[in-house]
Amino acid sequence: MALVRSFMAAKKILGGSVAGTRKETSAPKGFLAVYVGESQKKKQRHLVPVSFLNQPLFQDLLTKAEEEFGFNHPMGGLTIPCPEDTFLTITSQIQG
């Protein structure tokens with residue numbers, strides 16, 4: 001159930017931001033664009049495979065984003081409020 005909730009939250013957040021964007025700014029098929037960082041001005045865009053949505057570590061990041069922003073993300077896309085090095089550590093652990 002948490003997977004479905006995470007997927008639906010990501011879909012709802014990205015639904016409006018992806019539609020109508022230029023091709024070079026949208027994520028390729030099978031990937032999700034996320035903005036990572038704690039400072040509003042220093043957020044970095046990362047592409048993650050949609051398969052990460054079913055990983056507990058990534059779901060924890062989505063829960064943190066939901067608690068902080070709800071569905072109103074300041075960057076217009078999914079924003080993950082954690083240090084970039086933490087995000088990179090987590091995503092590299094998921095990749096194996």
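Student: How many residues does α3 have, and how far does α3 reach from its first C-alpha to its last?
Tutor: α3 has twelve residues and reaches 16 Å, close to the 16 Å expected at 1.5 Å a residue. The expected span is 1.5 Å times one less than the number of residues. Before we go on, this is a predicted model, where local features need pLDDT of at least 70, side-chain atom pairs count only at pLDDT 80 or more, and totals for chains, interfaces and linings use all residues. Residues are numbered from 1 along each chain as its sequence is written, and side-chain values use heavy atoms, with hydrogens and water left out.

Student: Which residues of α3 are buried?
Tutor: F87, I90, T91 and I94. Buried means under 20% relative accessible area, exposed over 50%, and partly exposed in between, with a 1.4 Å probe and protein chains only. Seen down the axis of α3, those buried residues fall within an arc of 95 degrees, so they line one face of the helix. The arc is that of the directions from the helix axis to the C-beta atoms.

Student: What's exposed on the other side of α3?
Tutor: D85 and Q93.

Student: And what do the buried residues of α3 pack against?
Tutor: They pack against β1, β2, α2 and β3. Take T91, which sits in helix α3. T91 touches V48 and F52, leaving aside residues up to four places away in sequence. Contact here means heavy atoms within 4.5 Å.

Student: Why does T91 count as buried?
Tutor: Because its relative accessibility is 10%.

Student: Let's zoom out. How many helices and strands does the protein have?
Tutor: Three helices and three strands, in the pattern α-β-β-α-β-α along the sequence. Helices (H or I, at least four residues) and strands (E, at least two) are DSSP runs, numbered from the N terminus.

Student: In what order do the strands sit in the sheet?
Tutor: The order is β2-β1-β3, in an open sheet with mixed pairing. β2 (44-49) and β3 (78-80) are the edge strands, each with a single partner, so one side of each has no neighbour in the sheet. From one strand to the next, the twist averages 40 degrees.

Student: Mixed how? In what sense does β1 pair with β2?
Tutor: β1 (residues 31-36) and β2 pair in the antiparallel sense over six bridges, whereas β1 and β3 pair in the parallel sense over three bridges. Two strands pair if DSSP finds at least two bridges between them.

Student: Is β1 mostly covered or mostly open?
Tutor: Mostly covered, with five of its six residues buried.

Student: Which helices lie across the strands?
Tutor: Helix α2 (residues 56-69) lies across β1, β2 and β3, at about 100 degrees to β3. Helix α3 (residues 84-95) also lies across β1, β2 and β3, running at about 10 degrees to β2. Axes are lines fitted to C-alpha atoms, for helices over the stretch in contact, and the angles run from 0 to 180 degrees between N-to-C directions.

Student: OK, α2 then. Which of its residues are buried?
Tutor: F58, Q59, L61, L62, A65 and F69. Down the axis of α2 they fall within an arc of 155 degrees, so they line one face of the helix. The face turned away from that buried side carries the exposed residues P56, D60, E67 and E68. Just after α2, G70 takes a positive phi of about 65 degrees.

Student: Last one: which residues have the most contacts inside the largest nonpolar core?
Tutor: L32, V34, V48, F58, L61, I80 and F87, in a core of 15 residues. A nonpolar core is a set of buried Ala, Val, Leu, Ile, Met, Phe, Trp, Tyr and Cys residues joined through side-chain atoms within 4.5 Å. The elements giving two or more residues to this core are β1, α2, β3 and α3.
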